[in-house]
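Hello,

Here is the structure I said I would pass on. My notes on what was found in it follow below.

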Amino acid sequence: MTAPTSQPLDVALIIGSLRRASWSRRVAHEMKALVPPTLALREVGTGELPLYNEDLEASPPAAWTAFRADVRRADGLLIVTPEYNRSMPGNLKNAIDVGSRPSGRNVFDGKPVGVASLSAGLLGGMAANHDLRKSLAVLNAMSMPQPELMLSRAATLFEGDAGAGPLAPTTREAIGKFLHALDAWMRRLIVA
Ligand SMILES: Cc1cc2nc3c(=O)[nH]c(=O)nc-3n(C[C@H](O)[C@H](O)[C@H](O)COP(=O)(O)O)c2cc1C
């Protein structure tokens, strides 16, 4: 939270889906090319994190320690997630829990965050999006209120047969606006 504002800001990119052919993953990777040059996305994985168990804090798993450090050094976060059963996927919730502890050492504290959600259906992962914002709020992370990015009908976000082609122009435009707004949101919150 102290980066000079003339430098690209370091943004930890967290993807809520673990599967290889994930639409969220494809969208997140497209975002790396669509961010303004004032932001640099750095992917931080969640798939290797052991399930949160406070008993393990006596000797925290190496994956927890690495995740906490990776988030702590970021100027902000960008989370791209699908919706699972009207909430966020379990691996993402686990990552939030791991980063929030031990008590008093919450790595999300004060971080600006862009929340993007996606679903195969019509609602764009709205329930996951809002559940995630709820958890981030209690951790004193600063979710960008607007513009929202809730991408519906995941299979239509990309052109070509079965979405094998490039991002559809309307999706590209919406993502570009969202990322530029995130850049402005982060710079509003970061003290140089
Ligand atoms: C366990 C599970 C639960 C799901 N629950 C929802 C849901 O609540 N709402 C929804 O719109 N889609 C739901 N879906 C469908 C996902 O939107 C769809 O599978 C999406 O492509 C997953 O994102 P990904 O491609 O990034 O992995 C669910 C999928 C799975 C595997």
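Two residues are in contact, or touch, if their C-beta atoms, placed from the backbone, lie within 7 Å. By that rule, and leaving out residues up to four places away in sequence, L13 touches A28, L41, R42, E43, V44 and L78.

Before the rest, the basis. This is a predicted model, in which local features need pLDDT of at least 70 and side-chain atom pairs count only at pLDDT 80 or more, while totals for chains, interfaces and linings use all residues. Residues are numbered from 1 along each chain as its sequence is written.

Overall layout. The chain holds five helices and six strands, in the order β-α-β-α-β-α-β-α-β-β-α from the N terminus. Helices (H or I, at least four residues) and strands (E, at least two) are DSSP runs, numbered from the N terminus. The C-alpha trace spans about 50 × 40 × 25 Å along its principal axes. The radius of gyration, taken over C-alpha atoms, is set against a globule rule of 2.2 Å times the number of residues to the power 0.38. For 192 residues a compact globule would come out near 16 Å, and the chain has 16 Å, so the two agree. Among contacts between residues at least 6 apart in sequence, 77% join residues at least 24 apart.

A residue is buried if 20 or more other C-beta atoms lie within 10 Å of its own, exposed if 12 or fewer, and partly exposed in between, with C-beta atoms placed from the backbone. Buried residues make up 38% of the 192 in the chain. A nonpolar core is a set of buried Ala, Val, Leu, Ile, Met, Phe, Trp, Tyr and Cys residues joined through C-beta atoms within 7 Å. The largest one has 48 residues, of which V11, L13, L77, L78 and I79 touch the most other members. Its largest share, six residues, comes from strand 1 (residues 9–15).

Strand 1. Six of the seven residues of strand 1 are buried, so this strand is largely enclosed by the rest of the structure. Strand 1 pairs with strand 2 (residues 39–43) in the parallel sense over five bridges; a pair requires that DSSP finds at least two bridges. Within this pairing, V11 stands opposite L41.

Helices 3 and 2. Helix 3 is mostly covered, with eight of its eleven residues buried. The cover over its buried residues includes strand 1, helix 2 (62–72), strand 3 (76–82) and helix 4 (126–138). V98 lies in helix 3 (residues 90–100) and counts as buried because 23 other C-beta atoms lie within 10 Å. Not counting residues up to four places away in sequence, V98 touches L49, Y52, W64 and F67. R68, in helix 2, is partly exposed, with 19 C-beta neighbours inside 10 Å.

Regards
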